[in-house]
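The following report concerns a single protein chain.

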Amino acid sequence: MKVKCPKCKTSNAVVPIMYGYPSHETWEKRDRGEIKLGGCMATDVDPDYHCNKCNYEWNMDNPHYGHYSDSDEEE
């Protein structure tokens, strides 16, 4: 099942947000745009999904109460 962004309604740009210390394979997935890194620590209120098109992030339980994020590109 494809997940659809609750804001821009696209489904081909939605990726899961991965938490924890990233492995080499995780970095490669991030570089390919298949996931977004969420940091090493996760809480119950952290978002589950990220839309690469509009940068909206949300938790599956409350998709309309998310936020727009900054890019995770390194500066």
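## Salt bridges

In this predicted model, the side chains of Arg30 and Asp31 form a salt bridge with an N to O distance of 2.8 Å. Arg30 is buried at 14% relative accessibility, whereas Asp31 is exposed at 55%. The structure contains three salt bridges. Another of them joins the side chains of Arg32 and Glu34, with an N to O distance of 2.8 Å. Glu34 is partly exposed, its relative accessible area being 37%.

Lys36 and Glu57 also meet through their side chains in a salt bridge, with 2.5 Å from N to O. This pair connects distant parts of the chain: Lys36 belongs to strand E2 (residues 36-37) and Glu57 to strand E4 (residues 56-59), 21 residues apart. Lys36 is buried, with a relative accessibility of 10%. Glu57 is buried as well, with a relative accessible area of 6%.

## Strand arrangement

In what order do the strands of the sheet run? The order is E2-E1-E3-E4-E5, an open sheet of five strands with mixed pairing. E2 and strand E5 (62-68) are the edge strands, each pairing on one side only. In general, the strands of a sheet pair through backbone hydrogen bonds, in either a parallel or an antiparallel sense.

Strand E1 (residues 14-18) pairs with strand E3 (residues 49-51) in the antiparallel sense, over three bridges. Within this pairing, Val14 has Cys51 in E3 as its bridge partner.

## Nonpolar core

Which residues make up the largest nonpolar core? Seven residues do: Val3, Cys5, Ala13, Val14, Cys51, Tyr56 and Trp58. Nonpolar side chains tend to be buried together in soluble globular proteins. Val14 and Cys51, both members of this core, are also the bridge partners that link E1 and E3.

Tyr56, another core member, has contacts with residues beyond four places away in sequence. These comprise Cys5, Pro6 and Lys7, then Tyr49, His50 and Cys51, and finally Pro63, His64, Tyr65, Gly66, His67 and Tyr68.

## Surroundings of Thr10

Thr10 lies in the segment that precedes E1. Thr10 is buried, with a relative accessible area of 11%. Leaving aside residues up to four places away in sequence, Thr10 touches Val3, Lys4, Cys5, Cys51 and Lys53. By contrast, Asp46 is 36 residues from Thr10 in sequence and 21 Å away in space, from C-alpha to C-alpha.

## Cysteines

How many disulfides does a search of the whole structure find? The search returns zero. Cys5 takes part in no disulfide, and its nearest cysteine sulfur, that of Cys54, is 3.7 Å away.

Cys5 is buried, with a relative accessible area of 1%, while Cys54 is partly exposed at 22%.

How values were computed:
Residues are numbered from 1 along each chain as its sequence is written. This is a predicted model: local features need pLDDT of at least 70, side-chain atom pairs count only at pLDDT 80 or more; totals for chains, interfaces and linings use all residues. Side-chain values use heavy atoms; hydrogens and water are left out. A disulfide is a pair of cysteine sulfur atoms within 2.5 Å. Buried means under 20% relative accessible area, exposed over 50%, partly exposed in between (1.4 Å probe, protein chains only). A nonpolar core is a set of buried Ala, Val, Leu, Ile, Met, Phe, Trp, Tyr and Cys residues joined through side-chain atoms within 4.5 Å. Contact means heavy atoms within 4.5 Å. A salt bridge is a side-chain nitrogen of Lys or Arg within 4 Å of a carboxyl oxygen of Asp or Glu. Helices (H or I, at least four residues) and strands (E, at least two) are DSSP runs, numbered from the N terminus. Two strands pair if DSSP finds at least two bridges between them.
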